[in-house]
Amino acid sequence: MGEVGRVVENKQIIFKGYIEGSPKQTDMELKVGNNIKLEAPKGSGAFLVNNLYLSCDPYMRGRMRDFHGSYIPPFVPGSVIDGFGLSRVVDSDNPNFKTGDLVSGMTGWEEYSLIYRTEQLRKIQPDDVPLSYYVGLLGMPGFTAYSGFYEVCAPRKGDYVFVSAASGAVGQLVGQLANLHGCYVVGCAGSGQKVDLLKNKLGFDEAFNYKEEPDLDAALKR
């Protein structure tokens with residue numbers, strides 16, 4: 001692509017330190033002047049990408065806290081923030097990816113990222129869908145719910161489907177997909193307002209507030 005091997009300035013978003021409450025702009029800083037060679041090291045199996053779109057997702061707030069009891073570790077103060085994004089491969093030492101490929105998955109909040117954990121990314125086939133959709137409608141929550149629903153759940157018309165945390169980004173999609181397949185869909189959520197959303201807007205057949213149910217088995221039987 002004519003840029004491989006050049007040394008360029010790499011703009012990065014750095015996480016400054018753990019937070020209490022809601023994040024502020026001052027909890028991050030733009031770092032300029034860190035140069036990077038546009039080349040994937042030989043023998044590394046890695047590839048270098050130019051990040052085109054980055055997603056800012058609710059779970060990232062949790063990663064800004066000094067809490068290690070989650071499914072995903074917190075950010076490291078002083079390091080580049082990482083998250084879901086869509087990128088173009090600039091140079092590759094990986095046989096499964098070539099220069100020019102579009103990929104989506106975890107990357108850095110920076111202009112260029114060298115990615116070693118390549119199994120976390122998937123190729124995107126360009127079509128008439130705007131690329132920004134791959135970090136939104138077709139991105140992490142959408143793709144995860146969609147692929148997992150069909151590959152693991154394998155729903156059929158008449159099946160009963162229960163969705164936990166049903167008012168969340170993934171749960172909403174799973175419930176609606178099940179509904180479209182003719183399943184009877186039940187969801188649980190943590191407030192009456194969320195239950196109302198599930199039943200009256202998102203098409204769930206039934207829903208309940210798990211905080212008000214002393215016996216989950218009895219709630220599901222009902």
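This is a dialogue about reading features of one predicted model.

Student: What should I know before reading the model?

Tutor: Residues are numbered from 1 along each chain as its sequence is written, and side-chain values use heavy atoms, with hydrogens and water left out. Because the model is predicted, local features need pLDDT of at least 70 and side-chain atom pairs count only at pLDDT 80 or more, while totals for chains, interfaces and linings use all residues.

Student: Which residues does UniProt list for "domain: Oxidoreductase N-terminal"?

Tutor: UniProt positions are given in the numbering used here, with shortened feature names, and annotations may be inferred rather than shown by experiment. The unreviewed UniProt entry places that feature at residues 11-122. This span is 4% helix and 41% strand, and its end C-alpha atoms lie 24 Å apart. Helices (H or I, at least four residues) and strands (E, at least two) are DSSP runs, numbered from the N terminus. The entry also lists "domain: Alcohol dehydrogenase-like C-terminal" at residues 169-221. That span is 51% helix and 19% strand, with 26 Å between the end C-alpha atoms.

Student: How many bridges join strand 3 to strand 4?

Tutor: Two strands pair if DSSP finds at least two bridges between them. Strand 3 (residues 47-54) and strand 4 (residues 82-92) run antiparallel and are joined by seven bridges. Within this pair, Tyr53 stands opposite Leu86 of strand 4. Strand 3 also runs antiparallel to strand 6 (residues 112-115), with four bridges between them. There, Asn50 has Tyr112 as its bridge partner in strand 6.

Student: In what order do the strands of the open sheet stand?

Tutor: The order is 8-9-10, three strands with parallel pairing. Strand 8 and strand 10 (206-209) are at the edges with a single partner strand each, so one side of each has no neighbour in the sheet. From one strand to the next the twist averages 15°; axes are lines fitted to C-alpha atoms, for helices over the stretch in contact, and angles run from 0 to 180 degrees between N-to-C directions. Four bridges pair strand 8 with strand 9 in the parallel sense, and Val163 has Gly187 of strand 9 as its bridge partner.

Student: Which strands does helix 3 touch?

Tutor: Contact means heavy atoms within 4.5 Å. Helix 3 packs on the sheet and touches strand 8 and strand 9, its direction making about 170° with that of strand 8. Helix 4 also packs on the sheet, touching strand 9 and strand 10, and its direction makes about 175° with that of strand 10.

Student: How many residues are in the largest nonpolar core?

Tutor: A nonpolar core is a set of buried Ala, Val, Leu, Ile, Met, Phe, Trp, Tyr and Cys residues joined through side-chain atoms within 4.5 Å. Buried means under 20% relative accessible area, exposed over 50%, and partly exposed in between (1.4 Å probe, protein chains only). The largest core here has 13 residues, and Val163, Val185, Leu198 and Phe204 have the most contacts inside it. Strand 8 (160-163), helix 3 (169-180), strand 9 (184-189) and helix 4 (192-200) each supply at least two of its residues. Apart from this core lies another, of eight residues, including Ile19, Met60, Ile81 and Trp109.

Student: What is Val163 in contact with, leaving aside its neighbours within four places in sequence?

Tutor: The partners of Val163 are Gly171, Val174, Gly175, Val185, Val186, Gly187, Cys188 and Phe204.

Student: What is the count of salt bridges?

Tutor: A salt bridge is a side-chain nitrogen of Lys or Arg within 4 Å of a carboxyl oxygen of Asp or Glu. By this rule there are nine. One of them joins Glu213 to Arg222, with the closest N and O atoms 2.8 Å apart. Glu213 is partly exposed at 22% relative accessibility, whereas Arg222 is exposed at 65%. Salt bridges with shared partners also join Lys98, Asp101 and Lys123 into one network.

Student: What about Glu206 and Lys199?

Tutor: Glu206 forms a salt bridge with Lys199, with 3.2 Å between the closest N and O atoms. Glu206 is partly exposed, with a relative accessible area of 31%, and Lys199 is partly exposed at 36%.

Student: Where is Ala165, and is this residue buried or exposed?

Tutor: Most residues other than glycine have a negative phi. Ala165 has a positive phi, near 50°. Ala165 sits in the loop between strand 8 and helix 3 and counts as exposed, at 52% relative accessibility.
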